[in-house]
Amino acid sequence: MHSSPINKEIIDHGNHNIWQQFKALIPEGVRIVATITANNGNGTSQVELRDGSVITVKGESVSVGKKVFIQNGEVKGAAPNLARYEVEV
C-alpha cells in the first residue's frame with residue numbers, strides 16, 4: 001500500500017499542533033493574485049483577495065492599486081492586470 005506524502009507528513013509530525021497538520025494539507029508554492037490596498041510603511045502591505053477579504057502580507061515593493069502575486073504570505077511581484085470572468089456551472 002502506497003501512502004501519500006501529505007499523510008506521511010502528518011504521521012511523522014504527530015506531536016505538532018493542529019496548525020502544523022493543517023499546513024501539511026496545503027500545497028507549498030501556491031500563488032494567489034491580490035490587489036494592494038495599502039503599503040504599511042513597516043515592510044508589510046494590505047491586500048484584497050478576489051473574495052473581498054483583506055489580509056496583511058510581507059513586502060511593500062508594489063504600489064497601491066496594483067495586482068500582485070502572493071506566495072506563503074509574501075508579495076512575490078507584480079501580476080498582470082487581466083480581465084476576470086466568473087462562470088457558474
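Predicted model: local features only at pLDDT ≥ 70, side-chain atom pairs only at ≥ 80, totals over all residues.

Student: What share of the residues counts as buried?

Tutor: In this chain of 89 residues, 18% count as buried. The accessible surface comes to about 7000 Å², and carbon and sulfur atoms account for 53% of that surface.

Student: Which residues form the largest nonpolar core?

Tutor: The general idea is that nonpolar side chains tend to be buried together in soluble globular proteins. In this model the largest nonpolar core has nine residues: Ala34, Ile36, Val47, Leu49, Val57, Val62, Val68, Ile70 and Val75. The elements that supply two or more residues to this core are S1 and strand S4 (67-71).

Student: Which residues line the second largest pocket, and what is its volume?

Tutor: A pocket is read from its volume and its lining. The second largest pocket has a volume of about 280 Å³. Its lining consists of Val33, Ala34, Thr35, Glu48, Leu49, Arg50, Lys67, Pro80, Leu82, Ala83 and Arg84. By class, six of these residues are nonpolar, one is polar and four are charged. Strand S1 (residues 31-39) gives the most to this lining, with three residues.

Student: Is glutamine 71 buried or exposed?

Tutor: The relative accessibility decides, and a residue is buried if the value is under 20%. Glutamine 71 has 18% relative accessibility, so this residue counts as buried. Glutamine 71 is found in strand S4, and its contacts, not counting residues up to four places away in sequence, are Gly29, Val30, Arg31 and Lys76.

Student: Where is the place of glycine 41, and is glycine 41 buried or exposed?

Tutor: Glycine 41 lies in the loop between S1 and strand S2 (44-48). Exposed means over 50%; glycine 41 is exposed because its relative accessible area is 65%. Its C-alpha atom is separated by 9.6 Å from that of glycine 59, 18 residues apart along the chain.

Notes. Residues numbered from 1 in each chain as written. Heavy atoms only, no water. 1 Å grid on protein atoms, 1.4 Å probe; cavity = no way out; pocket = protein on both sides within 12 Å on 5 of 7 lines; lining within 4 Å. Points joined across faces, edges and corners; volume = space filled by probe spheres on them. Helix = DSSP H or I, 4+ residues; strand = E, 2+ residues; numbered from the N terminus. Nonpolar A, V, L, I, M, F, W, Y, C, P; charged D, E, K, R; others polar. Core = buried A, V, L, I, M, F, W, Y, C linked by side-chain atoms within 4.5 Å. Buried < 20%, exposed > 50% of the residue type's maximum accessible area, 1.4 Å probe, protein only. Areas by Shrake-Rupley, 256 points an atom, 1.4 Å probe, with all protein chains shown as cover. Contact = heavy atoms within 4.5 Å.
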